[in-house]
Amino acid sequence: MSILSVKNVNKQFGGLKALNEVNLEIEAGTVHAIIGPNGAGKSTLLNCFVGRLDPDTGSVDFDGVSLLGMKPHEINQVGVSRVFQTPEIFGDLTLVENVMIPSFASRDGAFRLNGWGQVADENDVRENAMELLEDVGLVEQCDTVSNQLSRGDKRRLELAMCLVQKPKLLLLDEPTAGMARADTNNTIDLLKKIAKRGLTMVIIEHDMHVVFSLAEKISVLAQGTVIAEGLPNEIKGHPKVQEAYLGGAHL
Amino acid sequence: MINFNVKNKDHMLLIGFIIVVALAPIIMAPIGGGYPDLLQKFAIFGIFAIGFNILFGLTGYLSFGHAAFLGVGSYTAVWTFKLLTMNVIPALILSILFAGVFALLIGFIVLRRSGIYFSILTLAFAQMSYNLAYSVLTPITNGETGLQLRLHDARVLDGLFGVTRGEGLPSTSLFGMSMSGWSGYYFCGVIMIIAFYISIRIFRSPFGMMLRAVKSNQNRMSYTGLNTRPYTLAAFVISGMYAGLAGGLMAITDPLAGAERMQWTASGEVVLMTILGGTGTLLGPVIGAGVIKYFENIFSSFNDGILMEAFSWLPEFLQHAMVSVIGLFVGEGWHLTLGALFMVIVIFLPGGLIEGISRIGNVIRRWRKPKPLPTTEADTAASE
Ligand SMILES: Nc1ncnc2c1ncn2[C@@H]1O[C@H](COP(=O)(O)OP(=O)(O)O)[C@@H](O)[C@H]1O
Ligand SMILES: [Mg+2]
């Protein structure tokens, strides 16, 4: 069963056709990788899923509901979380606060005027946040202000912020970019563990090691068009893919 | 462990705050501030700044129009005195409510923008209110004369409860206790303590955390499933209600409301107080309000005569030179001093006086213990 269904999506920026008749079906419970050279339109596609951009034409349905026209917070509330290509975190807040906020959002909804209760009394939320920081290996820094983290650590923090929400669909835009090899491997292990629990993931990645360790299905995007789609072994030897990558900036 | 510490520190802070408010007449006496009128002013502007800080300190939305809510609070209080009763409680409740409703309406519009555009919109709205108070709304505001009590005001509730009408204008009271002099100060002091306690609760609540998230990254907030607009609107309304309360208290001290209370200079003053004391800290705004009102009191009372006397030991031509230079900074010109003080603080202590205090604290600690742990910014913020 497909949980995310993308049909004939087009998006144009001025004269540039960033997405051209994109069709994509994401099966529930699978890890689906989207690869392609820089500027292929991968991030733009994710932007159309989370309410950052509206496609010019086409449809994006999640769990049978159209995401088009929904506000970003509404989309998150129906179960879609995203890790961004440039980390989006609460830089002035501590790590544990960064993870507690999404946890409150999942528990209390898009708005709740809880000005009298005390964060210090929210032991469940705090423990939950600490567990996730433990999972991503940042628990020792829980009281550090998150601006002070390295880029790779910020990404892991953002991942914890998404995971604490127990989303139905997790979108990852280059989650290991800027990470040291060891951290990349830890992140792969963590994502594998999460995938086993049945969480659906869409992952954009340049690192083929990451892609082939995780993905059950791969779509290849080049110049806004899906040029190939299939199982990892099928994609590996695909002539069009070789060509797109050789022609692109990235290999 | 950490939680316990934060709570403990907050309790200590609150207890310390209560003690200072209670003993203020004694503490302030040696530096010439131990009289009720001035202390009352500290308390009222303290409340104004505490509330302003909930908006500006937590969400980062810089309003240049909060004096409008102060004005609404004052007008409401005086109208309550005129129509219902000279008892201050209904006046305060209605001041808070009216200012809250007004803030809701204005906030709904101005919060469509953020950053500098938000600031300009608030300024525009406050100036509109100020001008309306002088023109269209004169039946309510009594224009330039200001809204005043009259002998023949209705005072329906007072009539019902059989309060006898005296010969002269009645004075405000709390169930018979007159609101002038020391009882007036302590009444305002108690209200400020309550206001301060509420602000501590908000700072440490999940709601307060969301407001800090607004300041930090609104994008992340939306993609995290949080609707930022009602959060900012709630903060705006709460700070508007604080301003209304302060305006109501002003009317209690002196039952007269004029439109000049809504002028942009009054809005600017609370911004200065908050930044001077320490934006986003619990205690900073109160300290800022106290310092500004104290110096205003001292500096604006100096005149050339006093200065001449102070420099009488100098040769005459030097005496005149000194007086004409320093004279620029005192009396009417005291705003020049305020401006200079503000610049010094912002440049050397961007965290305000609170940062200065915690720096001194660190120096002392280092001096006592040879090898201290390095403190991060987070520590200073949390320890305050
Ligand atoms: N908001 C935008 N406005 C204009 N052009 C954009 C915008 N976002 C992306 N683009 C352009 O669309 C193309 C695809 O970008 P992107 O989706 O970021 O590629 P990638 O596959 O590397 O993530 C690029 O040429 C980029 O410059
Ligand atoms: Mg990209």
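Predicted model: local features only at pLDDT ≥ 70, side-chain atom pairs only at ≥ 80, totals over all residues.
Q: What ipTM does the predictor give the complex?
A: The predictor gives this complex an ipTM of 0.93, together with a pTM of 0.92.

Q: And what is the mean pLDDT of chain B?
A: For chain B the mean pLDDT is 89, and 95% of its residues reach 70 or more.

Q: Where in chain B does pLDDT stay under 50?
A: That happens over residues 375-384 of chain B. For this stretch the model has 12 contacts beyond four places in sequence.

Q: What area do the two chains bury between them?
A: Chain A and chain B bury about 3,300 Å² between them, with 61% of it on carbon and sulfur atoms. On the chain B side, B:Met209, B:Arg220 and B:Tyr223 lose the most area to chain A, together 24% of what that side buries.

Q: How many salt bridges are there between chain B and chain A?
A: The count between the two chains is 3 salt bridges. One of them joins B:Arg212 to A:Glu97, with the closest N and O atoms 2.8 Å apart.

Q: And how many over all chains?
A: Over all chains the count comes to 19 salt bridges. One pair within chain A is A:Lys168 with A:Asp63, whose closest N and O atoms are 3.6 Å apart.

Q: Which parts of the chain does that pair link?
A: The pair links distant parts of chain A, 105 residues apart. A:Lys168 is in the loop between α5 (151-163) and β7 (169-173), and A:Asp63 is in the loop between β4 (57-62) and β5 (65-66).

Q: Why does A:Lys168 count as partly exposed?
A: A:Lys168 counts as partly exposed because its relative accessibility is 43%, which falls between the limits of 20% and 50%. A:Asp63 is also partly exposed, at 38%.

Q: What about A:Asp183 and A:Arg156?
A: Their side chains meet in a salt bridge, at 3.7 Å from N to O. A:Asp183 lies in helix α6 (residues 181-196) and A:Arg156 in helix α5 of chain A, 27 residues apart. A:Arg156 is buried, since its relative accessible area is 9% and buried means under 20%.

Q: Are B:Arg155 and B:Asp153 buried or exposed?
A: Both B:Arg155 and B:Asp153 are buried. Their side chains meet in a salt bridge of 4.0 Å, N to O.

Q: Which residues are joined into one network?
A: A:Arg107, A:Asp108, A:Arg112 and A:Glu122 are joined by salt bridges that share partners.

Q: Now the rings. How many aromatic pairs does the structure hold?
A: It holds 17 aromatic pairs over all chains. In one of them, the ring centres of B:Trp182 and B:Tyr186 are 6.5 Å apart.

Q: Why is that pair tilted?
A: The planes of B:Trp182 and B:Tyr186 stand at 40°, and planes under 30 degrees apart would count as stacked, over 60 as edge-to-face. The two residues are about one helical turn apart, because they are 4 residues apart in helix α8 (residues 181-203) of chain B.

Q: Which residues form one aromatic cluster?
A: The cluster consists of B:Tyr61, B:Phe69, B:Phe102, B:Phe118 and B:Phe236.

Q: Which charged end sits over the ring of B:Phe45?
A: That of B:Lys293 does, 4.1 Å from the ring centre. Likewise, the charged end of B:Arg112 sits over the ring of B:Phe108, 5.2 Å from its centre.

Conventions. Residues numbered from 1 in each chain as written. Chains lettered and ligands numbered in written order. Heavy atoms only, no water. pLDDT = per-residue confidence, 0-100. Contact = heavy atoms within 4.5 Å. Phe/Tyr/Trp six-rings, centres within 6.5 Å; stacked < 30°, edge-to-face > 60°. Lys NZ or Arg CZ within 6 Å of the ring centre and 35° of its normal. Buried area = accessible area lost by both parts, 1.4 Å probe. Buried < 20%, exposed > 50% of the residue type's maximum accessible area, 1.4 Å probe, protein only.
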